[in-house]
Amino acid sequence: MSPPAEIILEVDKLITSFETERGMLRAVDQVSFSVPRGKTVGIVGESGCGKSVTAMSIIRLLPQPAGRILGGQVRFKGIDLLRADDAEMQRVRGGDIGVIFQEPMTALNPVHRIGRQVAEVFRIHKKLSKRDAWDAATEMLQRVRIPDPATRMMDYPHQLSGGMRQRIVIALALACKPSLLIADEPTTALDVTVQAQILDLMKRLQDEIGMSIILITHDLGVIAETCDEVVVMYAGRVVERASAAALFEHPRHAYTRGLLESIPTLETPSKSLLKTIPGMVASLADHVHGCRFCQRMGRSAGASNERPQLAEVAPGHWVETCPLCSGEH
Amino acid sequence: MFDVQAPLLDVAELRVHFPVRGGLIPQHAGFVRAVDGVSLHIQAGETLGLVGESGCGKSTLGKAIVRLLKPTSGSIRLEGTDITGLSQRALRPLRRDFQMIFQDPAESLDPRMSVQAIIEEPFIIHGLGDRAERRKMVHELLDRVGLPASAGERYSFEFSGGQRQRIGIARALALKPKLIVCDEPVSALDVSVQSQILNLLVELQRDFGLSYLFIAHDLSVVKHVSDRVAVMYLGKLVELAPAETIYRDPRHAYTKALLSAIPSPDPKAKRAKILLDGDVPSPIDPPAGSAFGHRMSHPRYAESIGADLSLGQIAPGHWVAADPCCISNDDLAVLRHGAGLA
């Protein structure tokens, strides 16, 4: 084992709630994990399990006024982001923490030229002059391998393909050489061939800049290929946390196993019945104290018992201790 | 093409071109060659998978086959009947035999109709059964796709994505079709729900002898459900083979690139990826020669201009485009001289 890398981001017992017609819903319920320098941490789970809300809580971009952070700490390079003032957060966001969203079209302004949008980052964060910012932006487009960057600077977002737009968004996120990149489903809307290009690009730029990445995805294949560590979330909670190698080799939680077994791979016998996870992600409106996955499976352990705690079952391998869901098969 | 049994669906040289208008004073500016000379067939009880990047024309091909779009040329035969040029009125009695399932069930189900009304509509259009009989048939269908009978009184938006897809499947099944075109039926679903829907489709095929044209961009899913797989690039098929064969022994450069891009859920299986540059070129003004050769700036691209790039058989059931940029010289020799067919 190599010596433990410096921790760049530490999320500790984060709780985020949304005010809805059905009362306060805990979208993120005491989530803890850490991101070492230069490493990629994946967050995986089905839709509605709290992956994106976790990410948005870290950079404090929750929908207002419904979303509220109720507790916990987010320490980023010594700063407690949850208690930082707005000016500080604006410096961090887009500066030392870059963000990529799933749909590049919503992250780009349709009425401004690409060049202006990329240059703006340099103007705001690096205080560059107009001309210098424009040159820096052109160079950035080159680095994300956009062919003929000088011409593309004059284009509007709709004139580019989905893959090219996502490259622009990556250029925006990485303009200030951030220490941390948060990528929320960066390749979900793209074709596999373009996905492979984008993941390869992210990996190269990560090596160049030495940044850490939080990669949110529902695609376990993408996780296996890109992540060093994995956080599995279910119904707002972390049910398992481990190195990617350990997680895929020895998944301990029944939910993780369910996810892994339900995807067909090229080795799965054709037209054989796939394993399924019965039901669907639990509604956050049902207040469950016990194991939320037992509740989905209709097991009584979910109803009454107290909340299962994360326990370290092997070095660096954490799993929620429910007598029915955790354990080695 | 040497099949003893006549295929359920036989598509020959199908083209779907859309006129493009452009300029300050809109005028005819060319054609989008969305589907440009596709031939394929599907046997009864068989699943043909259709894969390719977005914009390659796979959805257009699916829609043209069920005649939601009018083909520009070519022919579509369903059990020997040519349906290519039939009017919508003449098609109506035949529509019972071919149905479609869409990617986004939220968009293909009318939010103002109850689930009962949605599934019952095909029976009304085709004048089947009275009120009580229809009700019974709807309940049977709901049961068959794994929904409770009480679902009939509710509205589609009250259901989750996976349940909505079940409603879409029930509607498609209502008239006991022979062929269902499934256009990205699971790509909007979470993996655990995706596996439920895939299992349902496989079971229904077994029970009713259905044929599927299964259009998807997830190659692992396509391999799982398909007997044969066709790979499409810029409006044309570039390779077609039994599912096992095409994944084990792809011959076309594009198929190889596509397969190598699939992320494998096994961290130890680090395969070499073939990274493609750029995107699918525009079908408005496609390259004169090999479209994929053009994208790869292949040295033999010039040779492909004017050459016959149609599919030929390199092994029984394994068809590949005779494209000098994209297949090996050995394969090319087999195709050009027609010799060496084992």
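**Entry 1: helix α11 of chain A**

I started with what covers the buried residues of α11(A): the cover includes α9 (220-226), β9, β10 (237-243), α10 (244-249) and α12 (292-296) of chain A, together with α7 of chain B. I took the model as predicted, with pLDDT of at least 70 needed for local features and 80 or more for side-chain atom pairs, while totals for chains, interfaces and linings use all residues. Residues are numbered from 1 along each chain as its sequence is written, and chains are lettered from A and ligands numbered from 1 in the order in which they are written.

I then listed the buried residues of α11(A), which spans residues 254-262. They are A254(A), Y255(A), T256(A), G258(A), L259(A) and S262(A). I call a residue buried if 20 or more other C-beta atoms lie within 10 Å of its own, exposed if 12 or fewer, and partly exposed in between, with C-beta atoms placed from the backbone. Helices (H or I, at least four residues) and strands (E, at least two) are DSSP runs, numbered from the N terminus. An α-helix has 3.6 residues a turn, so residues three or four places apart point the same way.

**Entry 2: strand β9 of chain A**

I turned to β9(A), one of the elements covering α11(A). Six of the six residues of β9(A) are buried, so the strand is largely enclosed by the rest of the structure. I checked both faces. E229(A), V231(A) and M233(A) lie on one side, V230(A), V232(A) and Y234(A) on the other, and all are buried.

Next I looked up the partners of β9(A). Strand β3 (residues 40-44) of chain A runs parallel to β9(A), joined by four bridges. Within that pairing, G42(A) has V230(A) as its bridge partner. With β10(A) the sense is antiparallel, over six bridges. I count strands as paired if DSSP finds at least two bridges between them. Y234(A) has R237(A) of β10(A) as its bridge partner. β9(A) and β10(A) form a hairpin with two residues between them. I noted A235(A) in that turn, with a positive phi of about 50°.

**Entry 3: domains of chain A**

I read off the domain assignment: domain 1 covers 7-234 and domain 2 covers 253-329. Such bounds come from an automatic or database domain assignment. The domain centres, taken over C-alpha atoms, are separated by 28 Å. Their contact takes 10 residues from domain 1 and 11 residues from domain 2 of chain A. Two residues are in contact if their C-beta atoms, placed from the backbone, lie within 7 Å.

I asked which elements give two or more residues to the domain 1 side, and found β2 (23-36) and β9 (229-234) of chain A. β2(A) gives the most, with three residues. By class, this side of domain 1 has six nonpolar, one polar and three charged residues. Ala, Val, Leu, Ile, Met, Phe, Trp, Tyr, Cys and Pro count as nonpolar, Asp, Glu, Lys and Arg as charged, and the others, Gly among them, as polar.

**Entry 4: the contact between the chains**

I moved to the contact of chain B with chain A. It takes 35 residues from chain B and 39 residues from chain A. On the chain B side, α7 (191-208), α8 (219-225), α9 (243-248) and α10 (253-260) each supply at least two residues. The largest share, eight residues, comes from α7(B).

**Entry 5: helix α4 of chain B**

I looked up α4(B), residues 115-125, and its buried residues are V115(B), I118(B), I119(B), E120(B) and P122(B). They pack against α5 (131-144) and α6 (161-173) of chain B. G127(B) follows α4(B), and its phi is positive, near 60°.

**Entry 6: whole chains**

Chain A has 12 helices and 12 strands, and chain B has 13 helices and 12 strands. Of the 329 residues of chain A, 47% are buried.

I compared chain A with a compact globule of 329 residues: the radius of gyration would be near 20 Å, and chain A has 21 Å, which agrees. The radius is taken over C-alpha atoms, and the globule rule is 2.2 Å times the number of residues to the power 0.38. Along the principal axes, the C-alpha atoms of chain A fill a box of roughly 65 × 50 × 45 Å. The C-alpha trace of chain B spans about 65 × 55 × 50 Å along its principal axes.
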